[in-house]
Amino acid sequence: MATSALSGIARPVVVSAILFMIATGILYPLATTGVARILFPNQSQGSLIKQNGKPIGSRVIGQYFTEPQYFHGRPSVTSGTDPNDTSRTMDDPYNASASAASNQGAISKKLLEAVAERAAAYRKDNGLAPDAKVPVDAVTASASGLDPDISILNAQLQAPRVAKARGIAESSVLAMVERSTKGRQLGVLGESRVNVLELNLALDKAAPARQAMK
């Protein structure tokens with residue numbers, strides 16, 4: 001009798017659990033994915049950038065550029081596994097599988113020292129005076145560590161270095177920066193910006209770099 005009563009209670013519970021799993025775990029994800037594919041086909045696929053039919057990056061995930069002929073993105077504090085010791089981690093800028101921020105406060109000594117080092121390196125790399133002002137986005141990492149964009153001022157200050165490394169006129173590089181500039185979203189959200197990967201690809205197309213992109 002007790003077994004029969006227990007079975008009568010368990011059956012609707014199990015059936016309900018299965019129905020909810022089907023609805024929320026299968027039907028709902030399929031429906032939202034289908035709607036996204038129809039309304040936002042590019043975004044739902046990861047906003048991929050393709051070259052010769054092959055994906056080489058995403059418009060919403062930055063890449064790590066260090067060569068002088070390319071525009072450089074924001075600092076990134078993401079990390080990855082040390083190939084020489086899997087129990088340890090190491091700096092791995094723009095590691096898309098480890099999106100993270102430094103979580104250091106505004107008065108953190110470590111953060112202030114890092115910003116000072118980045119500012120000095122930025123001035124040296126771009127031929128600026130030792131006391132020249134540096135854009136905030138050039139010396140601070142984003143919350144995700146994967147920011148694909150830089151400010152207009154940041155791009156303009158890097159233009160002379162890029163032009164010299166490519167052997168082209170600075171005015172041509174600045175004109176390309178202007179063409180690549182994206183305004184505020186809906187006219188009010190965020191700030192004007194430049195997508196680093198798209199700008200570097202446009203540069204390679206217009207004036208091939210002396211060294212291939214990595």
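The model is predicted: local features need pLDDT of at least 70, side-chain atom pairs count only at pLDDT 80 or more, and totals for chains, interfaces and linings use all residues. Residues are numbered from 1 along each chain as its sequence is written, and side-chain values use heavy atoms, with hydrogens and water left out.

**Helix 5**

- Helix 5 spans residues 170–180. Helices (H or I, at least four residues) and strands (E, at least two) are DSSP runs, numbered from the N terminus.
- Val173, Met176, Val177 and Ser180 are buried in helix 5. Buried means under 20% relative accessible area, exposed means over 50%, and partly exposed lies in between (1.4 Å probe, protein chains only).
- Seen down the axis of helix 5, the buried residues fall within an arc of 105°, so they line one face of the helix. The arc is that of the directions from the helix axis to the C-beta atoms.
- Ser171, Glu178 and Arg179 sit on the other side of helix 5 and are exposed.
- The cover over the buried residues of helix 5 includes helix 4 (152–166) and helix 6 (196–206). Strand 6 (181–182) and strand 7 (193–195) also belong to that cover. Contact here means heavy atoms within 4.5 Å.

**The cavity**

- A search of the whole structure finds one cavity of 30 Å³ or more. On a 1 Å grid over the protein atoms alone, a cavity is a set of points where a 1.4 Å probe fits but cannot get out; lining residues have an atom within 4 Å of a point.
- The largest cavity has a volume of about 30 Å³. A volume is the space filled by probe spheres set on the grid points, which are joined across faces, edges and corners.
- Among the residues lining the largest cavity are Gly62, Phe65, Tyr94, Asp147 and Leu197.
- The lining divides into five nonpolar residues, three polar and one charged. Ala, Val, Leu, Ile, Met, Phe, Trp, Tyr, Cys and Pro count as nonpolar, Asp, Glu, Lys and Arg as charged, and the others, Gly among them, as polar.

**Salt bridges**

- Side chains of opposite charge can pair when their charged atoms come close. A salt bridge is a side-chain nitrogen of Lys or Arg within 4 Å of a carboxyl oxygen of Asp or Glu.
- The whole structure holds six salt bridges.
- Arg59 pairs with Glu198, with the closest N and O atoms 2.7 Å apart. Arg59 lies in the loop between strand 2 (54–58) and strand 3 (79–82) and Glu198 in helix 6, so the pair ties together parts that are 139 residues apart in sequence.
- Lys182 also meets Glu198 in a salt bridge, at 3.0 Å from N to O. Lys182 lies in strand 6 and Glu198 in helix 6, so this pair ties together parts that are 16 residues apart in sequence.
- Shared partners join Arg59, Lys182 and Glu198 into one network.
- In relative accessible area, Arg59 is partly exposed at 30%. Glu198 is partly exposed at 22%, and Lys182 is partly exposed at 30%.
- Arg193 forms a salt bridge with Asp149, with the closest N and O atoms 3.5 Å apart. This pair links distant parts of the chain, with Arg193 in strand 7 and Asp149 in strand 5 (residues 149–151), 44 residues apart.
- Arg193 is partly exposed at 21%, whereas Asp149 is buried at 16%.

**Positive phi angles**

- Asn52 has a positive phi of about 55° although it is not a glycine. Asn52 lies in the loop between strand 1 (48–51) and strand 2, and is exposed at 77%.
- Asn103 has a positive phi of about 60° and is not a glycine either. Asn103 lies in the loop between strand 4 (85–91) and helix 3 (109–125), and is exposed at 74%.

Conventions. On a 1 Å grid over the protein atoms alone, a cavity is a set of points where a 1.4 Å probe fits but cannot get out, and a pocket is an open set with protein on both sides within 12 Å along at least five of seven lines; lining residues have an atom within 4 Å of a point.
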